[in-house]
Amino acid sequence: MNITEKLIKSHLVSGEMTPGKEIAIHIDQTLTQDSTGTMAYLQFEAIGIPRVKTEKSVAYIDHNTLQTGFENADDHKYIQTVAKKHGIYFSKPGNGICHQVHLERFGKPGKTLLGSDSHTPTGGGIGMLAIGAGGLDVAVAMGGGAYYLAMPKVCRVVLTGKLSPWVTAKDVILEVLRRMSVKGGVGKVMEYAGDGVKTLSVPQRATITNMGAELGATTSVFPSDEVTKAFLQAQGRGEDWIELKADEDAIYDEEIIIALDEIEPLVACPHSPDHIKKVSEIKNLAVDQVAIGSCTNSSYTDMMTVAALLKGKTVNPDVSLVIAPGSKQVMNMLAANGALADIISAGARILECGCGPCIGMGQAPATNAVSLRTVNRNFEGRSGTASAQVYIVSPETAVASALSGKLTDPHTLGEAPLISMPEHFMVNDNLIIPPAPEGECVKVVRGPNIQPFPKNTKVPKEIKGSALLKVEDNITTDHIMPSNAKLLPFRSNVPYLADYCLTPCDPNFPERAKKAGGGFIIAGQNYGQGSSREHAALAPLQLGVKGVIAKSFARIHMANLINNGILPLVFVNEWDYDNIRIGDEFVIPYAADQIAGAAKGQLVNITCVRTGEEIPTKLNISERQKDILLAGGLLNYTKESN
């Protein structure tokens, strides 16, 4: 067996481990962050289970940390009190980014982790089966429910050799994206192997598994070996280590081979993580802003490398350099050893330990600016400035460019610094608040911005609605539910957010949807790629969207649509997409019967009133998902099942 199969088999609750077949796995740990967490905990409360049943559940505050009004602070207070009541550990604002902190303090090889954030696969860097999901799936898992998914294929990524100086783990995952694209990992787990694995530290491995999300992969995983053991021992958690490796005769569904010593510094150009070029190919690109941090590249070793490169130098006068360490642990250690002073002396601006620029929460670039970032996504407008050009680079390339004022290959800096992992990390968990003992009375505090979330109803005999919007390929959840600094404070207020749903594609969409009483969205390939944000399903539900008819869907978003009772229909004939006009009226007759038939492989036929023709679609669902859709969503289904 390979590592993925071992992890799944040891947690299998039901189903057959055949690619494409639905399986259910037991979840050991969960994590949430504040952007998705408020909704996840409202849903957990609605389920009615008094105490989480996982081994460890942690609520992090790392996204909405700008407190320009009461809204974010109110959400933080709600999450802290609901976590205290229901048995969940609470990581306070300033303690760091969920994925970085979880890797440092809670992740365990061999365990399953379900997180309401698409970059939860970071945990695969220490041999976890770590999967991103919608908040409702996480709420069910916290209540002891299994997590359901299609058994993935396993792609073996063989790493040979060793990285050359100035080439990084970021360049490795950019090379994988160059080869496979943002759709290439759909339905797969990326499992890393080969003699090159032992040359990579845990932070390097975590960078690679983190950005596996950009492939559309279910997750990514590395072996748990002596490198993993040393990292956990340095964190004072040596007892959490177990060895985890593939059998010699393990079988894989596909394989790619990457020679680490042949990779060069790479850059993802606007506006997609798979728009890859060599840094050396781009000449004279003036840079306005450089942002170093995010859950992808904010580890202690990343930051020590940045400090070493900045020491005794000054940032180019035309560049704004901002740096956000990934956790309080990293910040503490930089402050204690003097590296933070080197960073500040060079002219960098220090941000708090959080997601910040990566999710558009502050540090929006100037109009038409070029921003180099060590983040994982560079979708158009995600930075907070619609006209900005965002490039994804390694920390080394970022520093070289910040010093020169142009996109610069780090080889120009001379000899690469050698930064080693510390034998002992500074451990101080005083910003992690344990839950109250079971049975203790805790009052949950709800601010006025926390509004009830929309709930669907059982499927009617006939589903009717018009084509409200028609969009192209690779529409992201940032398009569907924008997540900038002005909107993030309203993540617990879906009625407010719904007025901004899909406005990057069409500013009039919310108004048109309300006027029409709901209807359908027509979409191209890979609809819903990107973030796990459930709001990209909740906001359309609030506006009465009954279904999305697309050429294909991203995994997490498709699951979120089903969980909220919205039909994710796939065109059988792509020319039907071309023939649809905005405003076309659709009817799905015998809706419940057709949905039931879809679980058996039958088509769902939609009648276009204008042409009188039937549009055949596929609804790729299991028997369980059929029942969820018929019930009007996972929450209704879960209540009925209990």
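The sulfur of Cys355 lies 6.1 Å from the closest cysteine sulfur, that of Cys98, which is too far for a bond. This is a predicted model, in which local features need pLDDT of at least 70, side-chain atom pairs count only at pLDDT 80 or more, and totals for chains, interfaces and linings use all residues. Residues are numbered from 1 along each chain as its sequence is written, and side-chain values use heavy atoms, with hydrogens and water left out.

A search of the whole structure finds 0 disulfides, a disulfide being a pair of cysteine sulfur atoms within 2.5 Å. Cys358 is likewise in no disulfide, its nearest cysteine sulfur, in Cys295, being 6.0 Å away.

Relative accessible area is classed as buried under 20%, exposed over 50% and partly exposed in between (1.4 Å probe, protein chains only).

| Residue | Relative accessibility | Class |
|---|---|---|
| Cys355 | 9% | buried |
| Cys358 | 10% | buried |
| Asn332 | 26% | partly exposed |
| Glu574 | 40% | partly exposed |

Glu574 is situated in the loop between β24 (567-571) and α18 (575-579); helices (H or I, at least four residues) and strands (E, at least two) are DSSP runs numbered from the N terminus. Together with Glu472, Asp473 and Asp578, Glu574 forms a negative surface patch. Patch residues have over 30% relative accessible area and no salt bridge, with like charges joined within 9 Å and nonpolar side chains (Val, Leu, Ile, Met, Phe, Trp, Tyr) within 5 Å. A salt bridge is a side-chain nitrogen of Lys or Arg within 4 Å of a carboxyl oxygen of Asp or Glu.

Asn332 belongs to helix α10 (residues 328-337). Asn332 and Ser492 are separated by 160 residues in sequence and by 32 Å in space, C-alpha to C-alpha.

Key: Accessible areas come from the Shrake-Rupley method with a 1.4 Å probe; for residues, only the protein chains shown count as cover. Lys and Arg count as positive and Asp and Glu as negative; His and the chain ends are not counted. The place of a charge is taken as NZ of Lys, CZ of Arg, CG of Asp or CD of Glu.
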